[in-house]
Amino acid sequence: MSIDLLNESGHEVDEAQLVRLVAFDLDKLFVHAEAEVSIVLVDVAAMEQLHVQWMDEPGPTDVLSFPMDELRPGTQDRLTPAGLLGDIVLCPEVAEAQAAEAGHSLMAELRLLTTHGLLHLLGFDHAEPAERDEMFGLQDQLLAGFEQHDAGTPGRSA
């Protein structure tokens, strides 16, 4: 699995944890081991520019996803084919404000946003209530599973 992370945000975050999270999520979603995904952390100005350019909405946002090969989750019997999933762009400064409002850590918010962005790369959406229930339910399952998995790994904690 190729998971590249580039931190251009100026915020210090646990980059290794985000890479472990994406690897965990991809494994649970039966995505081929040769799939590729990139995570980019940007500052507010860069995120605002992307948000305006691609979503035609003003101001910065927390996460944007840019799917490439339109891959979908696989099954235990049939993995997703190898391919380029796309890019997840995160803004730690926006995430930090949301984390404070939600009463949890920046890393908890970044884990949530990373998993959310990854699900968008795999074709999930939340425009309709049924889609929202499916996507957010799966997001919650993946995050809970990762926290248990990562906390059980010696020398690591979620």
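Reader: Which residues of H4 do Pro92, Ala95, Glu96, Gln98 and Ala99 in H3 meet?

Author: This is a predicted model, in which local features need pLDDT of at least 70 and side-chain atom pairs pLDDT 80 or more, while totals for chains, interfaces and linings use all residues. Residues are numbered from 1 along each chain, and side-chain values use heavy atoms, without hydrogens and water. With contact taken as heavy atoms within 4.5 Å, the H4 partners of these five H3 residues are Leu106, Glu109, Leu110 and Leu113.

Reader: How many nonpolar residues does the contact of H3 with H4 have?

Author: Two residues in this contact are charged (Asp, Glu, Lys or Arg), and one is polar. The nonpolar residues number six.

Reader: How is H3 oriented relative to H4?

Author: Helix H3 spans residues 92-102 and helix H4 spans residues 106-121. Their axes lie 8 Å apart, and the packing angle is about 115°. Angles of 65 to 115 degrees count as roughly perpendicular; therefore H3 is to H4 roughly perpendicular.

Reader: Which element gives the most to the lining of the largest pocket?

Author: The lining (residues with an atom within 4 Å of a pocket point) has 13 residues, and Met55, Thr61, Val63, Leu64 and His120 lie nearest the pocket's centre. Helix H2 (44-55), strand S3 (63-67) and H4 each give two or more residues to this lining. By class, the lining has five nonpolar, six polar and two charged residues. With four residues, the element giving the most is S3.

How values were computed. Axes are lines fitted to C-alpha atoms, for helices over the stretch in contact, and angles run from 0 to 180 degrees between N-to-C directions. Angles under 35 degrees count as roughly parallel, over 145 as roughly antiparallel, 65 to 115 as roughly perpendicular and the rest as oblique. On a 1 Å grid over the protein atoms alone, a cavity is a set of points where a 1.4 Å probe fits but cannot get out, and a pocket is an open set with protein on both sides within 12 Å along at least five of seven lines; lining residues have an atom within 4 Å of a point.
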